[in-house]
Amino acid sequence: MSNGANNFYKSNKVTMKKVEFKNLYNMNVVGNLYIPKGLNKNTKHPAIIVGHPMGAVKEQSANLYAQKMAERGFVTLSLDLSFWGESEGQPRNAVSPDIYAEDFSAAVDYLGTQDFIDRERIGVLGICGSGSFVISAAKIDPRMKAIATVSMYNMGAANRNALNHSQTLEQRKAIIAEAAEQRYVEFTGGETKYTSGTVHELNENTGPIQREFYDFYRTPRGEYTPEGSSPELTTHPTLTSNVKFMNFYPFEDIETISPRPMLFITGDQAHSIEFSQDAYKRAAEPKELYIVPGAGHVDLYDRVNLIPFDKLESFFKENLKKK
């Protein structure tokens, strides 16, 4: 719990309300709506949607960011992506980047129909994998007026190429072949197989990146098991659906989001920095790459003394102000 980690932060300056709304596919999406105490509901306010890391749920990182931004005057909504947490979707832990992106648009539908929200002033903030999902969503949803990502993972590139392009085409094809064979197993009633995610124990062969994730997902710092799941399954997508990421290219056409502003936040020690750098390079103006000194990838999930909330506040205040 060192170095300012505060994933399960509870603010006394905001009120929280559990909300549910349907996405385009008639699936129930569940979120936490945070409203600053004393907010005048007779006027219209800006709002920010916050997406959790891939394989996580809203209780991991997203609620923290949503509360901290609500303390700064925004109405915020942290949501569970479909197939995860309290949101609908079968099988559990399934991967569908298209539906994940849709969930952010559905959140705009919900917020934009609330009397006290200005539908022209809705922003999105995606952490880790959700960074790539909010970009995917924003490309086809101009109602998202300002887009920020933190410790972004391009889940497509990460699965096709692995970090630093360390995975060969042969290795990729082997993963695809295994998933395809597993479909026969599950189609005929066999057991569901899960993949990737965070290891459940450390040994001398555990690499530094897995250790970093373990410290968050497998310790009291960030461990959370949603109702109906089990600690053995948290963070692990199904093998058969995870290959859907191989067809996911969120940064293609990213320049078409312009002139809406984009902010990419990453740590200078983050193993994922390549994804924010790539997105920044491809995006059109206005755009900013903001690098946090001394911060690794998972540090920006919950270490409040490293997370640049002032930067996020100024970005959203400037870009969600009344025209």
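Y100, F133, F245 and F248 form one aromatic cluster, in which rings of Phe, Tyr and Trp (its six-membered ring) pair if their centres lie within 6.5 Å, planes under 30 degrees apart counting as stacked, over 60 as edge-to-face and the rest as tilted. The model is predicted, with local features requiring pLDDT of at least 70 and side-chain atom pairs counted only at pLDDT 80 or more, while totals for chains, interfaces and linings use all residues. Residues are numbered from 1 along each chain as its sequence is written, and side-chain values use heavy atoms, with hydrogens and water left out.

The structure holds 13 aromatic pairs. One of these, between F133 and F248, is tilted, at 5.8 Å centre to centre and 40° between the planes; F245 and F248 likewise form a tilted pair, with 6.1 Å between centres and 45° between the planes. F245 counts as buried because its relative accessibility is 0%, and F248 counts as buried at 7%, where buried means under 20% relative accessible area, exposed over 50% and partly exposed in between (1.4 Å probe, protein chains only).

Charged side chains also lie over aromatic rings, a charge being so assigned if NZ of Lys or CZ of Arg is within 6 Å of the ring centre and within 35 degrees of the ring normal. K68 lies over the face of Y9, at 4.0 Å from the ring centre, and the charged end of K287 sits over the ring of Y280, 4.6 Å from its centre.
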